[in-house]
Amino acid sequence: MPGKRILILGGTGEARSLAAALLAAGYDAVTSLAGVTGDPLLPVGNVRRGGFGGSDGLSAYLRGAGIAAIIDATHPFATQISRNAEVAAAASDVALLRLERPAWEPQAGDNWTIALSASSAALALLPGARAFVTIGRKEVGEFFRRADISGVARMIEAPGVDVPPGWRLILQRPPFSLEHEVSIMAAHHITHVVAKNSGGGETEAKLAAARQLGLPVIMIARPVKPEVTSVATVGVAIDTLAGMLLP
Ligand code: NAP
């Protein structure tokens, strides 16, 4: 029902596309960002930044701002905010929909080891490995702690930990092309690629590059999120939302 105020839990490219689509469909959209990135790409429409203060704080925000529905478009690896959204939506009788891109699947020629966490991914690397670690800044310290491995860590903003000798930090924002990924892996004598199963097209080229170069991938599996109504595309999200808001 256009005109209603929708809270987008953001921090992803999908959330930015969703904000534009909701506005175009006549909704009043406000995107919430965690505020952890210093220079985030901003969506169109209203934006608020910073945590709500747990599920109770989110419930209070929903009431105060007159939110009719939440669309959780956070990253597949952001678990706490999705749990808070489920609790607050139920407590406040507000509709909740998740927009989540499908996970990547291994293809012919891939050599993936599935790890359940960043720490187990770090432990899966053999001594002497040259790793291309592409998991963001939060947990990269798990790899830096291993004195017997080295490599390249790529993220958007620098981590809050020291980069040990043997490691090269690359600060870059996606999207990345296949040629770019192949050249990084070749130039730095990479033996293993470490990735989170984020899904989506912007960072997928590293998997094709690993396939092309015959490199193994340590793939960190997605954490479990609450079971809520979920869709994979912005267009389906708009249609599903309309149904959820019918009187
Ligand atoms: P998280 O562990 O699920 O959340 C930690 C706390 O940060 C939440 O309890 C909440 O604080 C606050 N928070 C998280 N997302 C928020 C949002 N969109 N708006 C307002 N508060 C938010 O989240 P995370 O893994 O640190 O990710 C933080 C943000 O970065 C998310 O918006 C996510 O979409 C984005 N991101 C994450 C990753 C990743 O790999 N984790 C990758 C790319 C982008 P309160 O309890 O105080 O409300």
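A quick term before we start: two strands count as paired if DSSP finds at least two bridges between them. Keep in mind, too, that this is a predicted model.

**Stop 1: the sheet.** Switch to cartoon and pick out the six strands of the open sheet, which run in the order β3-β2-β1-β4-β5-β12 with parallel pairing. At the edges sit β3 (46-49) and β12 (230-231), each pairing on one side only.

Now select residues 5-9 and 69-72: these are β1 and β4, joined by four bridges.

**Stop 2: the helices.** Select 13-24 next. That's helix α1, packed on the sheet and touching β1, β2 (28-33), β4 and β5 (95-99). The direction of α1 makes about 170° with that of β1. Then jump to 234-244 for helix α8, which lies across β1, β4, β5 and β12 and runs at about 170° to β5.

**Stop 3: the ligand.** Show everything around the ligand and you'll get 21 residues, the closest being Gly-10, Ser-32, Phe-52, Gln-80 and Lys-196. Which part of the protein gives the largest share of that shell? It's α3, with three residues.

Zoom in on some polar pairs:

- Gly-10: a polar backbone atom is 2.8 Å from a ligand oxygen.
- Ser-32: an N or O atom of the side chain is 2.7 Å from a ligand nitrogen.
- Gln-80: a polar backbone atom is 2.9 Å from a ligand oxygen.

Taken alone, the ligand exposes 810 Å², and the protein buries 76% of that. Finally, color the shell by residue type: six nonpolar, twelve polar and three charged.

Conventions:
Residues numbered from 1 in each chain as written. Predicted model: local features only at pLDDT ≥ 70, side-chain atom pairs only at ≥ 80, totals over all residues. Heavy atoms only, no water. Helix = DSSP H or I, 4+ residues; strand = E, 2+ residues; numbered from the N terminus. Contact = heavy atoms within 4.5 Å. Axes fitted to C-alpha atoms, helices over the stretch in contact; angles between N-to-C directions. Near = heavy atom within 4 Å. Polar contact = N/O pair within 3.5 Å; in protein donor to acceptor, adjacent residues only side chain to side chain. Areas by Shrake-Rupley, 256 points an atom, 1.4 Å probe, with all protein chains shown as cover. Nonpolar A, V, L, I, M, F, W, Y, C, P; charged D, E, K, R; others polar.
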